[in-house]
Amino acid sequence: MRQAAKIFSLILGVLIISGYAFAEYGLNFPAPATDIGQEIYDVHMFTMIVSTILLLIIFTIIIYSLFKFRKSKGYEADQNFHKSWFGTWSWVMVPAMVLGVDFYIAGEAQGVLDKFWNAPKQNCAREGANKDHCFDMNVKTIGHQWWWEYEFPEQGVNFNGKFYPIKVESRALDKDQTSEELYLRDVDNQLVLPVDTTIRFLNTSVDVLHAWWVPELGFKRDSIPGYIMETWATIEKEGTYRGQCAELCGTWHAKMPIVVKAVSKADFEQWIEGEKAKLLAKLQEANSNKDWTKDELMTKGEQVYNTMCAGCHQVSGLGLGAAFPALKNSPVAMGPAAEHINMVLNGKNTMPAWKQLSDIDLAAVITYERNAWGNSASVVKPADIKAAR
Ligand SMILES: [Cu+2]
């Protein structure tokens, strides 16, 4: 009896703890926002219903038998059951029926998988495209340790004869930048997407395996460096959908949340126009021969530092443990500009290379590191970066 009480309280304890852990998630998957998501949800519900019915039938028989044929009533095991017609054939019929149900579920699931794997290859805008199975736009999702980059290859601006696509860098917000319940689920820049538009996602990574996963969209597929994995979706409902990286990708895997904001086509156009204007202003600024003052570089540099570098080197410039060195009083940050520039441009060991940043951003962040937190060293100008590239 004491044993039973112990087991009972253990089960109760586990239930209570898991109740807390899952309190905010509700009982089922979130309501899907795409038709493939809906089909996956339907297969899931069908499977759950079948297994619940089987569970009820089996438990009813077991409990009934335990009670009805109990020893205290004097029941003895039936020694002739296997000689009857049912006794001979039931062990073939019952598994065959169960297998039939299994195959049916597998067939349903395979149908959804086929539909999902068969990503549209043709642009709907192209003449002769198969109108039943084409995409309206592409979105590239690029995994980085540890943030997401999005690119809209068809939307962008022409500048000096070159096409620059819209890019969005999306990083997790820290504890004090968001609410308690959205901690690790919120980002600085959301991915804005239009509804009722067939979107082909081109998923890739620049370092290790990641996986761009938003449950409401219904799919999950690894992002593999050097490969492009296609997924696709037509979002049917406006709303904010949250997901996360779903492939273990290192120390800060948990800091790769995804936020998709699905808006109407008109709102999306408006958002894209805003992004184009911002991009154009940035390109123009980078191309002007403006002479940046130290104050201007410091202000811009603080911004760049806090988004790009503080994750490892910390806002305080004090670094983190043995892995990420302090920049306050660092011999590199306080030393000759050329070595400092080389370190940031080309990286070293786990320190990433930052070539992709503009001359202005690099000059600003380096000047900032040389003169923040009580450091004091020479100012670095965009022209110095250009010369060092
Ligand atoms: Cu990841």
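Reader: Where is Asp-361 found, and why does Asp-361 count as buried?

Author: Asp-361 is found in helix 8; helices here are DSSP runs of H or I with at least four residues, strands are runs of E with at least two, and both are numbered from the N terminus. A residue is buried if 20 or more other C-beta atoms lie within 10 Å of its own, exposed if 12 or fewer, and partly exposed in between, with C-beta atoms placed from the backbone. Asp-361 has 21 C-beta neighbours inside 10 Å and therefore counts as buried.

Reader: What rules apply to the numbering and to the use of the model?

Author: Residues are numbered from 1 along each chain as its sequence is written. The model is predicted: local features need pLDDT of at least 70 and side-chain atom pairs count only at pLDDT 80 or more, while totals for chains, interfaces and linings use all residues.

Reader: Which residues of helix 5 meet helix 8?

Author: Among them are Lys-294, Leu-297, Lys-300, Val-304 and Tyr-305, and the helix 8 side includes Asp-361, Ala-364 and Tyr-368. A contact needs C-beta atoms, placed from the backbone, within 7 Å of each other.

Reader: What makes helix 5 roughly perpendicular to helix 8?

Author: Helix 5 (residues 294-313) packs on helix 8 (residues 359-371) at about 95°, and their axes are 7 Å apart. Axes are lines fitted to C-alpha atoms, for helices over the stretch in contact, and angles run from 0 to 180 degrees between N-to-C directions. Angles under 35 degrees count as roughly parallel, over 145 as roughly antiparallel, 65 to 115 as roughly perpendicular and the rest as oblique. That is why helix 5 is called roughly perpendicular to helix 8.

Reader: How do you know that both faces of strand 8 are covered?

Author: In strand 8 (residues 210-213), His-210 and Trp-212 lie on one side, Ala-211 and Trp-213 lie on the other, and all are buried.

Reader: What makes strand 8 a partner of strand 9 and of strand 11?

Author: Two strands pair if DSSP finds at least two bridges between them. Strand 8 has two bridges to strand 9 (residues 222-223), and these strands run antiparallel; His-210 has Ser-223 in strand 9 as its bridge partner. Two bridges also link strand 8 with strand 11 (residues 239-245), again antiparallel, and Trp-213 is bridged to Gln-244 in strand 11.

Reader: Why are strand 6 and strand 9 called edge strands?

Author: The open sheet of five strands has the order 6-12-11-8-9, with mixed pairing. Strand 6 (191-194) and strand 9 each pair on one side only, and that is what the name edge strand refers to. Strand 6 runs parallel to strand 12 (residues 257-263), with four bridges between them, and Pro-194 is opposite Val-263 in strand 12. Helix 4 (residues 265-287) packs on this sheet, touching strand 6 and strand 12, and its direction makes about 135° with that of strand 6.

Reader: What kind of peptide bond joins Gln-145 and Trp-146?

Author: The bond is cis, with omega about -5°. Trp-146 is in the loop between strand 3 (137-144) and strand 4. Most residues other than glycine have a negative phi, and most peptide bonds are trans.

Reader: Where does Asn-329 lie, and is Asn-329 buried or exposed?

Author: Asn-329 lies in the loop between helix 5 and helix 6 (331-334) and has a positive phi, near 60°. Asn-329 has 12 other C-beta atoms within 10 Å, so Asn-329 is exposed.

Reader: Why is Asn-349 called exposed?

Author: Asn-349 is called exposed because 5 other C-beta atoms lie within 10 Å. Asn-349 is in the loop between helix 7 (337-346) and helix 8, and its phi is positive, about 50°.

Definitions and conventions
Two residues are in contact if their C-beta atoms, placed from the backbone, lie within 7 Å.
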